[in-house]
Amino acid sequence: MSQIPVEEALKKILEKIHFKGVEKVSLGQALGRVLAEDIVAGLNNPPLDNSAMDGYALIAEDIATATPDSPVKLEVVEEIAAGYSAKGILKPGQAMRIMTGAPIPEGANAVLMQEDTDKEGNFILAKDRADVEENIRKAGEDVQKGETVIKKGVTLSPAHIGMMAVVGRSQVAVGQRPTVSILSTGDEILELDQKPEGPQIYNSNGHMLAAQIRSAGGLPIYLGIAKDTEKDLMEKFEWALKADIVVSSGGVSVGDYDLVKASLQKMGQEMLFWKVAMKPGKPLAFGRIGDTPIFGLPGNPVSSFVSFEQFVRPSLKKVMGAADLRHQTVQAKLTRTIHKKPGRLHFLSAIVSSSNGEYTVTPAGEQGSGILKSAANANGLLIFPLEESEIKEGAQVAVQLLDT
Ligand code: AMP
Ligand code: MG
């Protein structure tokens, strides 16, 4: 099988990934979930015209000539606290003491802030003028009844949670989260509570994948480590298939003990492709057993990391009904010339920063499929296109922002 371009691989994958379904959750559980309905306001916010300041509601025309040297005297006839309405109607020559958030009384058309007044018994001296509507927040200026305030497909942030509370929603429909089995493979791979000897290494991929799944909104199921035998792989994949999606790492290359593909084949896997024209991450295998998608990610840690971000994260987002499946990509100015061989798209771990509205990007240290440290120090993936062999310092390049 030949290598297919990244875009084609993602297209083939997403064709086989389907929305899981809707569930209702309480607002307190909704952070990070994907909204499965439009949120339409059933009310105006604020409900009434109200004061933006602690001060005095009055008639702007009454104090048109007011200055500190020649203040205008007004009679204070009422006090309005937030949560209460004025009993009377404000007449010329009068003011009402008003607190932030309290409704503007009938008859008033401005609020003069307290700092621009002096108090004299039941009167105030207005020491400044005010425009009509000054310090008045209009009814519905935040939200109008009938307005869609958050759209279906959005991943909910803390401000979205606040917005739903503004319109009185205590329950919300969101996309169900996919369960995702994680199977690490390799005779050399150890659990964290074991003591490595000689060639043995810890299962970094398994834990990193669990975190990636969680950060994408999925529910990781850690299945430990399979030995490099068809028997153990088949046994553990049998368990893995109980989840909505299966992700394995390692064992998909061309080595003598790379038995993941052969094992899945024996279990009846329909193989959709193997090998993507990218670096790191070339030997990605994608297939299905029944309706369950299976991602055979390469074992090298950076390959596993990058492949997940390109293919598994968008898949989990699609399962949950997200409108945006991929990381945000920005154009950034490259700080030094970079080279590669044409023929594969390269993802470089990179540090992106922005100042004065412009992004700049620098590759983050040594690049290599085993150099996880560079990925750990990065906040972006620089995209070095398939056919390019050089990008010059100062050129604009595409960078995926990894902050989720
Ligand atoms: P493989 O694709 O199985 O040939 O693995 C490629 C490289 O990735 C080898 O050096 C493995 O030791 C390493 N590797 C595979 N699985 C893991 C894992 N779960 N954690 C860390 N490194 C791994
Ligand atoms: Mg291996």
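**Ligand site, cavity and backbone features**

In this predicted model, a backbone N or O atom of Asn 300 lies 3.1 Å from an oxygen atom of ligand 1. Taken on its own, ligand 1 has 480 Å² of accessible area, and the protein covers 79% of it. The space that ligand 1 takes is the largest pocket. The points below cover the ligand, that pocket, a cavity and some backbone features.

**Surroundings of ligand 1**

- Around ligand 1 there are 16 residues, and those that come nearest are Glu 188, Asn 203, Gly 251, Gly 299 and Asn 300.
- The side chain of Asn 203 has an N or O atom 2.8 Å from a nitrogen atom of ligand 1.
- Gly 299 takes part through its backbone, with a polar atom 3.1 Å from an oxygen atom of the ligand.
- Three elements each supply at least two residues of the shell around ligand 1: the strands β13 (179-185) and β15 (201-202), and the helix α3 (204-216).
- Sorted by class, this shell has 10 polar residues, four nonpolar residues and two charged residues.

**The largest pocket**

- The largest pocket holds about 780 Å³ of space.
- Its lining includes two or more residues from each of β13, β15, α3, α6 (301-320), β23 (338-339), β24 (345-355) and β26 (380-384).
- Altogether 46 residues line the largest pocket, and Pro 280, Asn 300, Ser 303, Gly 368 and Ser 369 lie nearest its centre.
- The lining of the largest pocket is made up of 21 polar, 17 nonpolar and eight charged residues.

**The cavity**

- How many cavities of 30 Å³ or more does a search of the whole structure find? The search finds one.
- The volume of the largest cavity is about 30 Å³.
- Residues lining the largest cavity are Val 260, Lys 261, Leu 264, Gln 269, Ala 285, Phe 286, Gly 287, Ile 294 and Gly 296.
- The helix α5 (260-266) and the strands β20 (285-289) and β21 (292-297) each give at least two residues to this lining.
- By class, the lining of the largest cavity divides into five nonpolar residues, three polar residues and one charged residue.

**Backbone features**

- Most residues other than glycine have a negative phi, and most peptide bonds are trans.
- Asn 45 and Pro 46 are joined by a cis peptide bond with an omega of about -5°, and Pro 46 is in the loop between β2 (39-40) and β3 (50-51).
- A cis peptide bond also runs from Lys 279 to Pro 280, where omega is near -5°.
- Asn 135 is not a glycine, yet its phi is positive, at about 60°; Asn 135 is placed in the loop between β9 (123-126) and β10 (136-137).
- Lys 275, also not a glycine, has a positive phi of about 90° and lies in the loop between β18 (270-274) and β19.

Notes. Residues are numbered from 1 along each chain as its sequence is written. Chains are lettered from A and ligands numbered from 1 in the order in which they are written. This is a predicted model: local features need pLDDT of at least 70, side-chain atom pairs count only at pLDDT 80 or more; totals for chains, interfaces and linings use all residues. Side-chain values use heavy atoms; hydrogens and water are left out. A residue is near a molecule or strand if one of its heavy atoms lies within 4 Å of it. A polar contact is a pair of N or O atoms within 3.5 Å; within protein, one must be able to donate a hydrogen and the other to accept it, and residues adjacent in sequence count only if both atoms are side-chain atoms. Accessible areas come from the Shrake-Rupley method with a 1.4 Å probe; for residues, only the protein chains shown count as cover. On a 1 Å grid over the protein atoms alone, a cavity is a set of points where a 1.4 Å probe fits but cannot get out, and a pocket is an open set with protein on both sides within 12 Å along at least five of seven lines; lining residues have an atom within 4 Å of a point. A molecule sits in a cavity or pocket if more than half of its atoms lie within 2 Å of its grid points. Helices (H or I, at least four residues) and strands (E, at least two) are DSSP runs, numbered from the N terminus. Ala, Val, Leu, Ile, Met, Phe, Trp, Tyr, Cys and Pro count as nonpolar, Asp, Glu, Lys and Arg as charged, and the others, Gly among them, as polar. Grid points are joined across faces, edges and corners, and a volume is the space filled by probe spheres set on the points.
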